[in-house]
Amino acid sequence: PSSRCLLTKPAAIGDVLPHSDLSTSPQPPKHTPAPLSPLPSLFQLLLLQFTLCFLLTSSFSLLGLITMDALLGKDTRLLKKDGTVAVCDLPKEGVIAFYFSAHWCPPCRGFTPKLAEAYKNIRANGRELEVIFVSSDRDESAFAEYYEEQPWLALPFEKRELKAQLSERFNVKGIPFLVLLDAATGELITDNGRQVISSDPKGSQFPWKPMEAAEKKGATTSAPRQGPFLLRTLFPSCFAPAVEVQ
């Protein structure tokens, strides 16, 4: 037997190659598209609605925007010294602060009087600042005793589930912890409100907008925007370690 592979002789130039008659060859069947429905189906409408809701929710989340109704629940009523106030009646301008604190926490008891003084000074100057106390006290009697020292609003102590949601949302790991939000948009101004208040108790830089927004308006920077290292160097007594929430 031969140990070589046979090679097919290549066709020479001018050779006539066999070909098939395309006119008689069977053609693949043509696909006729189904006519489009003049109206979208129910599934398409639901999918569109879901997509729009997702995009809107994601946009607000990415921008850091949220309404107080969404954050606290539109039916929630907050405590004040002479009764209660509805969430919808919170200020629509200025700053809303969430103050996570507890009576059993020594740094909290040291910071609360400073925050109360700043709160009164800023409001006396006609600025819109509202603080909402979110308690980490161990029982309602301790909460009530501690709230007597505070001039602002408070989340009712029995709203433990809502308190946990707020703590998770703002990543509260220790107290005292002060979050500052833009009252008009819900945008996070800073979660280092304790440092801001300690360095600007009279509210000269109120509403303490982030540096980028202030620069766009031609504002000058201030100590609260220069970072914790400088603040801790200038105001060492104001920065006692936060106490872990129990």
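This report walks through the fold, the central strands, the aromatic rings and the backbone details of a predicted model.

Residues are numbered from 1 along each chain as its sequence is written, and side-chain values use heavy atoms, with hydrogens and water left out. Because this is a predicted model, local features need pLDDT of at least 70 and side-chain atom pairs count only at pLDDT 80 or more, while totals for chains, interfaces and linings use all residues.

**Overall picture**

The protein has eight helices and nine strands. Helices (H or I, at least four residues) and strands (E, at least two) are DSSP runs, numbered from the N terminus. Of its 246 residues, 35% count as buried; here buried means under 20% relative accessible area, exposed means over 50%, and partly exposed lies in between, with a 1.4 Å probe and protein chains only. Contacts are counted when heavy atoms lie within 4.5 Å. Among contacts in the protein with a separation of 6 or more, 65% come from residues 24 or more positions apart.

Two strands pair if DSSP finds at least two bridges between them. β3 and β4 pair in the parallel sense over seven bridges, and Phe98 stands opposite Ile132 in β4. To get from β3 to β4, the chain passes through helix α3 (residues 106–124), and this β-α-β crossover is right-handed. Right-handed means that, with the strands pointing away from the viewer, the path from the first strand over the helix to the second runs clockwise.

β4 and β5 also pair in the parallel sense, over two bridges, with Phe133 standing opposite Ala154 in β5. The chain runs from β4 through α4 to β5, again in a right-handed β-α-β crossover.

**Aromatic rings**

The structure holds 13 aromatic pairs. Rings of Phe, Tyr and Trp (its six-membered ring) pair if their centres lie within 6.5 Å; planes under 30 degrees apart count as stacked, over 60 as edge-to-face and the rest as tilted. Two tilted pairs are set out here.

| Pair | Centre to centre | Angle between planes |
|---|---|---|
| Tyr99 and Phe133 | 6.4 Å | 45 degrees |
| Phe143 and Phe157 | 5.7 Å | 35 degrees |

Tyr99 in strand β3 (residues 95–101) and Phe133 in strand β4 (residues 129–135) are 34 residues apart, so that pair links distant parts of the chain. Both Tyr99 and Phe133 are buried.

A charge sits over a ring if NZ of Lys or CZ of Arg is within 6 Å of the ring centre and within 35 degrees of the ring normal. The charged end of Arg160 sits over the ring of Phe157, 4.1 Å from its centre. The charged end of Arg138 sits over the ring of Trp104, 4.6 Å from its centre.

**Cysteines**

How many disulfides are there? A disulfide is counted as a pair of cysteine sulfur atoms within 2.5 Å, and by this rule the count comes to zero. Cys88 is partly exposed, with a relative accessible area of 45%, whereas Cys105 is buried at 0% relative accessibility.

**Backbone details**

Most residues other than glycine have a negative phi, and most peptide bonds are trans. A cis peptide bond joins Ile175 and Pro176, with omega about 0 degrees; Pro176 lies in the loop between β6 (174–175) and β7 (177–182). Another cis peptide bond joins Phe206 and Pro207, with omega about 10 degrees, and Pro207 is in the loop between α6 (193–199) and α7 (211–216).

Trp208 is also in the loop between α6 and α7. Its phi is positive, near 55 degrees, and Trp208 counts as buried because its relative accessibility is 5%. Asn171, in the loop between α5 and β6, has a positive phi near 55 degrees.
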